[in-house]
Amino acid sequence: MSDIKVIIMDVDGTLTNSEKKITEKTKNALIRAQEEGVILVLASGRPTSGLMDYAKELKMDEHHGLLVSFNGAKVVECQTNKLLFNEAMSVKEGQAVLEHMKKFDVKPMIDKDDYLFVNDVYNCNVQYKDKPFNVIQYESRGGKFKLCEKDDLAAFADYPLNKILTAGDPEYLKENYEEMMEPFKDTLSCMFTGPFYFEFTAKGIDKAKALDTVLIPMGYKKEEMIAFGDGHNDASMVKYAGIGIAMANAVEDLKEIADEVTLSNEDDGIAYALSKYFEDLDLNRAI
């Protein structure tokens, strides 16, 4: 049996394919691993609500799996829904970011309860791969949110925010992200999480911090963890885990720091890698 006791995975571009689905082979491999006592961790920029369906599909609610959401700002235990870690920006910090974003051609999005709040639900597109992409619809559906408009998000946000998501055309963000983050570069975590996403979270928040804060007190060691990712925001956990694996479709920066590169998210990259580390486990056998 493998020494791996924790499998950590980003979701979009890693666990799921381009249709946002978990392939059967990957699903079977992960359920088999849990049956051998391994715990699964989904670590994503998504809100917690956007991870629940995948967790249930993988039976994580039967095996004490963990959900790391908002790029590491919150951790929830699937089986009990217990909140294990939560670190949000202060109200003042969140409002300052939202006020500053008014100077830029970006679409800020914040959530509360069942709602995703935006300025204008009809101003919803960014240019991606030379086509308009409805990013507000994508975020609201992915997070299982209803949509609500607020003319002034800064004034509305009188509560601590785990994350402020801004979306914009990739070229525009590349040209303007430094100015967007300038007032907050020493007080918040500011990062690209995709070509058309730039996000703000509390200072020091990333996926590795969330894992370290929760898993180490539970008795797990870094050497017993394997982490899979594809984006810039996966770098901290890929470096943190004993084995850090980049998908074939990952950004080049992540491939450079990973211990190895597996197949893509379209080609069961997670299952392929796990088959090497769990040699005595039949990961290909249907459940």
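Predicted model: local features only at pLDDT ≥ 70, side-chain atom pairs only at ≥ 80, totals over all residues.
Student: How is the chain divided into domains, and how many residues are in contact between domain 1 and domain 2?

Tutor: The domain assignment gives domain 1 as 6–87 + 205–276 and domain 2 as 91–202. Taken over C-alpha atoms, the centres of domain 1 and domain 2 are separated by 24 Å. In contact across the two are 17 residues of domain 1 and 15 residues of domain 2.

Student: What should I look for in the phi angles?

Tutor: Most residues other than glycine have a negative phi. Positive values in such residues can be listed one by one. F70 has a phi near 55 degrees, and N81 has a phi near 65 degrees.

Student: Where do F70 and N81 lie?

Tutor: F70 is in the loop between strand 3 (66–69) and strand 4 (74–77). N81 is in the loop between strand 4 and strand 5 (83–86).

Student: Is F70 buried or exposed?

Tutor: F70 has a relative accessible area of 5%, so F70 counts as buried, the cut-off being under 20%. N81, at 49%, is partly exposed.

Student: How many residues of helix 1 are buried, and what covers them?

Tutor: An α-helix has 3.6 residues a turn, so residues three or four places apart point the same way. Helix 1 is mostly covered, with nine of its 12 residues buried. The buried ones are T26, K27, N28, A29, L30, I31, R32, A33 and Q34. Their cover includes strand 1 (6–9), strand 2 (39–43), helix 2 (52–57) and helix 10 (269–277).

Student: How many cavities of 30 Å³ or more are there?

Tutor: The count comes to two. For each cavity, read the volume, then the lining, then the classes of the lining residues. The largest cavity holds about 80 Å³ of space.

Student: Which residues line the largest cavity?

Tutor: The lining consists of P47, F70, M109, I110, D111, L116, E139, F145, K163 and L165. Strand 6 (residues 107–112) gives the most to the lining, with three residues. By class there are seven nonpolar, no polar and three charged residues.

Student: What does the second largest cavity look like by the reading of volume, lining and class?

Tutor: The second largest cavity has about 40 Å³ of space. Its lining is T14, L15, T16, N17, K21, T23, T26, S264, N265, D268, G269 and I270. These divide into two nonpolar, eight polar and two charged residues. T26 is also one of the buried residues of helix 1.

Student: What does M109 touch?

Tutor: M109 is found in strand 6 and counts as buried at 2% relative accessibility. Leaving out residues up to four places away in sequence, M109 touches L116, F117, V118, V135, I136, E139, K163, I164, L165 and A167.

Definitions and conventions. Residues numbered from 1 in each chain as written. Heavy atoms only, no water. Helix = DSSP H or I, 4+ residues; strand = E, 2+ residues; numbered from the N terminus. Buried < 20%, exposed > 50% of the residue type's maximum accessible area, 1.4 Å probe, protein only. Contact = heavy atoms within 4.5 Å. 1 Å grid on protein atoms, 1.4 Å probe; cavity = no way out; pocket = protein on both sides within 12 Å on 5 of 7 lines; lining within 4 Å. Points joined across faces, edges and corners; volume = space filled by probe spheres on them. Nonpolar A, V, L, I, M, F, W, Y, C, P; charged D, E, K, R; others polar. Domains from an automatic or database assignment.
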